[in-house]
Amino acid sequence: MIFSSFISILEVVLVVVPGLLVVAFVTVAERKTMASMQRRLGPNLIGYYGLLQAFADALKLLLKEYVSPTQSNFILFFLGPVITLIFSLLSFGVIPYSSGLTILDLDLGILYLLAVSSLATYGILLAGWSANSKYAFLGSLRSTAQLISYELILSSAVLLVIFLTGSLNLTFNIEFQKVVWLLFPLAPIFIVFFIACIAETNRAPFDLAEAESELVSGFMTEHAAVIFVFFFLAEYTSIVVICILTCILFLGGYLIDITPLIYIYSTIKSIFEIFSVLMLYLMLSVFNSLELVFDWFISTLYFFTNINHILVYLVSGEWYGPNIYDTELYKLVTSKKLEFFALLNENHITKNDLLLTINSVMNNKSEIDTINIPNVVSNNVISGLLSSVILGIKASIMIFVFIWARASLPRIRFDQLMSFCWTVLLPIVVAFIILVPCILYGFDLLPNNMQIL
């Protein structure tokens, strides 16, 4: 019982701590990216290339005195940021970083994520109301209206993905995209979903809840020091989670096609063999000792065979040596070596005979060369690391697009924000909710668990 509880705590720590570190570096990446787009330097003094700037900012806020308004509801004023951060971090619990690599593989994982992201709205509402400030209150009202409105668009776009996959399980939705990413059949829905994601995370150009020019800082106006850090972490945690969710639903999640790696591996192997032959001709022109050249060739052959094993292991995670391949290769080289030295002792061998012997070895080697890269990555450690890196790269690209949108687009008015949701995005989503099931039913493509009896 104690051991299982310790393992559960360890799993949470291993997910939450890197998540918070990612949030810290996302803030630095945003400031550096926006500085580059605006022809500024950005943070470049704290740490190498400004990488530790986020930790310096966090330390500054932690050391500041915590001040709360005298007329505020102290308990709710403090709980608001805490609730927002907690519900943002809870989203990491169901994210699959690889096949089977998740804290909790819920069958209703998508529903869980939507519920958790919706509950974070209460933290913003409580923080704005409890501050007893008109700016904070207006900011929380804006945020709540915005999140409730765009939550409908977000959940409707997710519903279309469920129509195709027939499951609310996140891992199943990823594995469903092995043939084709859902980005391609649902490209318009992806665009609508992405716009809703920006609005859900209160990011520019939809950051009306914290419009500095109108509401000072919106619902965060009266917060400072430690609890302001909570709001800051919650916002960027939501960005990371929503980008990962976008990758899971539309960009194949942690999936990767290893076909290009197979071609790269084959090319490297061919280059090694060509290099071996070129070095062989060079040594024949420099050294007169045929025995030395043949020994060098045998050593090189075994060396490149080991390189072959290492490359296969790095790509597929399977170690093939020593195996039947090495046994057959050893028998071949030994027999040819005995024939070669028998002729050498009788002084009946020339450079041409040596080349013919080596050519025979290479031909026979190609016949017994049965090492191929498997189509499925089978090593758990290698596949887990590779899948996690792929998911991280895709999420990083989406985070960059978030930053790009903030640096490029101006803030819109609140009435324009709501009008865009209800009069533009909602009709588009409703039209697709009608169109997509009709197409699936017409071509008999509905998932088995959604078939109409």
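Arg203 is buried, at 3% relative accessibility. Buried here means under 20% relative accessible area, exposed means over 50%, and partly exposed falls in between, with a 1.4 Å probe and protein chains only. This is a predicted model, in which local features need pLDDT of at least 70 and side-chain atom pairs count only at pLDDT 80 or more, while totals for chains, interfaces and linings use all residues. Residues are numbered from 1 along each chain as its sequence is written, and side-chain values use heavy atoms, with hydrogens and water left out.

Start with the partners of Arg203. Arg203 forms a salt bridge with Glu30, and their closest N and O atoms are 2.2 Å apart. Arg203 sits in the loop between helix H7 (187-200) and helix H8 (212-215), while Glu30 is in helix H1, so this pair ties together parts that are 173 residues apart in sequence. A salt bridge is a side-chain nitrogen of Lys or Arg within 4 Å of a carboxyl oxygen of Asp or Glu. Helices are DSSP runs of H or I with at least four residues, strands are runs of E with at least two, and both are numbered from the N terminus. Glu30 is buried, with a relative accessible area of 3%.

Glu235 also forms a salt bridge with Arg203, with the closest N and O atoms 3.5 Å apart. This pair links distant parts of the chain: Glu235 lies in helix H9, Arg203 in the loop between H7 and H8, and they are 32 residues apart. Glu235 is buried too, with a relative accessible area of 15%. Glu30, Arg203, Glu235 and Arg406 are linked in a network of salt bridges.

The whole structure holds 6 salt bridges. One of them joins Lys178 to Glu175, with the closest N and O atoms 3.0 Å apart. Lys178 is exposed, with a relative accessible area of 59%. Glu175 is partly exposed, at 24% relative accessibility.

Now turn to the open space. The largest pocket holds about 810 Å³. It is lined by 34 residues, and the closest to its centre are Thr27, Phe228, Phe232, Leu233 and Tyr236. H1 gives the most, with 9 residues. The lining of the largest pocket divides into 20 nonpolar, 3 polar and 11 charged residues. Here Ala, Val, Leu, Ile, Met, Phe, Trp, Tyr, Cys and Pro count as nonpolar, Asp, Glu, Lys and Arg as charged, and the others, Gly among them, as polar.

Pockets and cavities are found on a 1 Å grid over the protein atoms alone. A cavity is a set of points where a 1.4 Å probe fits but cannot get out; a pocket is an open set with protein on both sides within 12 Å along at least five of seven lines; lining residues have an atom within 4 Å of a point. Grid points are joined across faces, edges and corners, and a volume is the space filled by probe spheres set on the points.

The structure holds 3 cavities of 30 Å³ or more. The largest cavity has a volume of about 390 Å³. Of its 27 lining residues, Ser88, Ala120, Glu200, Thr201 and Ser238 are the closest to its centre. Helix H3 (74-89), helix H4 (109-130), helix H5 (134-165) and H9 each give two or more residues to this lining. The lining of the largest cavity divides into 15 nonpolar, 8 polar and 4 charged residues.

On the surface there is a nonpolar patch. Its members are Ile9, Val13, Val17, Leu21, Phe25, Leu45, Ile46, Tyr48, Tyr49, Leu51, Leu52 and Phe55, with about 1200 Å² of accessible area together. Patches are made of residues with over 30% relative accessible area and no salt bridge; like charges are joined within 9 Å, and nonpolar side chains (Val, Leu, Ile, Met, Phe, Trp, Tyr) within 5 Å. Accessible areas come from the Shrake-Rupley method with a 1.4 Å probe, and for residues only the protein chains shown count as cover. H1 supplies the largest share of the patch, 5 residues. Ile9 is found in H1 and is exposed, with a relative accessible area of 54%.

Arg39 has a positive phi of about 60° although it is not a glycine. Arg39 lies in the loop between H1 and H2 and is exposed, with a relative accessible area of 82%. Asn132 also has a positive phi, near 60°. Asn132 is in the loop between H4 and H5.
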